[in-house]
Amino acid sequence: MRDTKADAVHQVVVFVRPGLLPMELGIVHRLFGTAADDGGRPLYSVLTCASTPGEVATDTDFSINVPHGPEVLESADTVVVPAAVEDYGPQERGRLAAPVRAALARVPARARLASICTGSFVLAAAGALEGRRATTHWKSCAELASLYPEVDVDPDVLYTDDRGVLTSAGVAAGIDLCLHMIRDDHGAEVANTVARGTVVPPHREGGQAQYIDRPIQQADDCSTAAARTYALQRLGEPLTLEELARQAAMSVRTLNRRFRQETGVTPMQWLGRQRLDYARRLLERSDEPVDRVAARSGFGTGTAMRQHFREVLGVSPRAYRNTFRGTA
């Protein structure tokens, strides 16, 4: 549990930029704002600031009035940076508007830094993520890793916490991040009470890997196309490297080399991904039992498929189906 003064209210400051996502701002205020001790005393005060106080546009058809300027960052215990419209387009390494950079320079060294969604690009540009593990929305993970190779980008998790600097995945992962910080500060009971009051789970299973939409890959015009087409038509059947090599009219060794060149993975790794994606779609779109889904997608048994789901997605097939079909 994080050290806090018994008689002090922890100050959380949300630093917003034009084009902010209102939901991300609301998450911070709602969760931290409802955390209280046994006597009902608020455990946090939450302030919103911008480089220039006043009206700030959002990514919707309304704006918000931000009462505070960057000076409140100087007394912050935690600073949260949500995403903004400017994060949606292609990014440049180290690109940070001068007022934003000046505002972040006011944050005391002792303060905890956190970002929601693509707000992680702001932390990276400011140098706060160097040598740390971080994440962002799955659509932007590759770009973050490419621009900032000194950052250990994890595309699968919902949030990261590395030595006082935290990042989260997409918008709703901001909920997971804030609950984690509350849990770290004041324990599971307080965090669970906040989650219960907001009607959200105190801890979600798995990471954002389960939310990435990966269409079943189509074989294209390449040297392994015949083998890939053959495999996609027979995902439920046991397939061997020798069988795929025959379809591609090449040796196993050549097939392995070409597959790595064209897909970045081995034939068996590629096949496993296709089977996993097919199983996900069957779980989302049918009522077939898990064992039947396992057989149709080539995992053989429900036990084998459960193990694969746990290893890759961090959840069981049943939990995955419950999440994406809303079943109990």
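A crossing is left-handed if the near helix is turned anticlockwise from the far one by less than a right angle, and right-handed if clockwise. Helices (H or I, at least four residues) are DSSP runs, numbered from the N terminus.

The model is predicted: local features need pLDDT of at least 70, side-chain atom pairs count only at pLDDT 80 or more, and totals for chains, interfaces and linings use all residues. Residues are numbered from 1 along each chain as its sequence is written, and side-chain values use heavy atoms, without hydrogens and water.

**Exercise 1.** Describe how helix 1 and helix 6 cross.

Solution. Start with the axes, lines fitted to C-alpha atoms over the stretch in contact, with angles from 0 to 180 degrees between N-to-C directions. Those of helix 1 and helix 6 (residues 188-198) come within 9 Å and cross at roughly 125°. Next, classify the angle: under 35 degrees is roughly parallel, over 145 roughly antiparallel, 65 to 115 roughly perpendicular, the rest oblique. Helix 1 and helix 6 are therefore oblique. Their crossing is right-handed. Finally, list the contact (heavy atoms within 4.5 Å). Helix 1 gives Arg30, Leu31 and Thr34; helix 6 gives Val194, Gly197 and Thr198.

**Exercise 2.** Describe how helix 1 and helix 5 cross.

Solution. The axes of helix 1 (residues 22-34) and helix 5 (residues 173-186) come within 10 Å and cross at roughly 30°. The two helices are therefore roughly parallel. The crossing of helix 1 and helix 5 is right-handed. On helix 1, the contact uses Ile27, Val28, Leu31 and Phe32. On helix 5, the residues include Gly174, Ile175 and Cys178.
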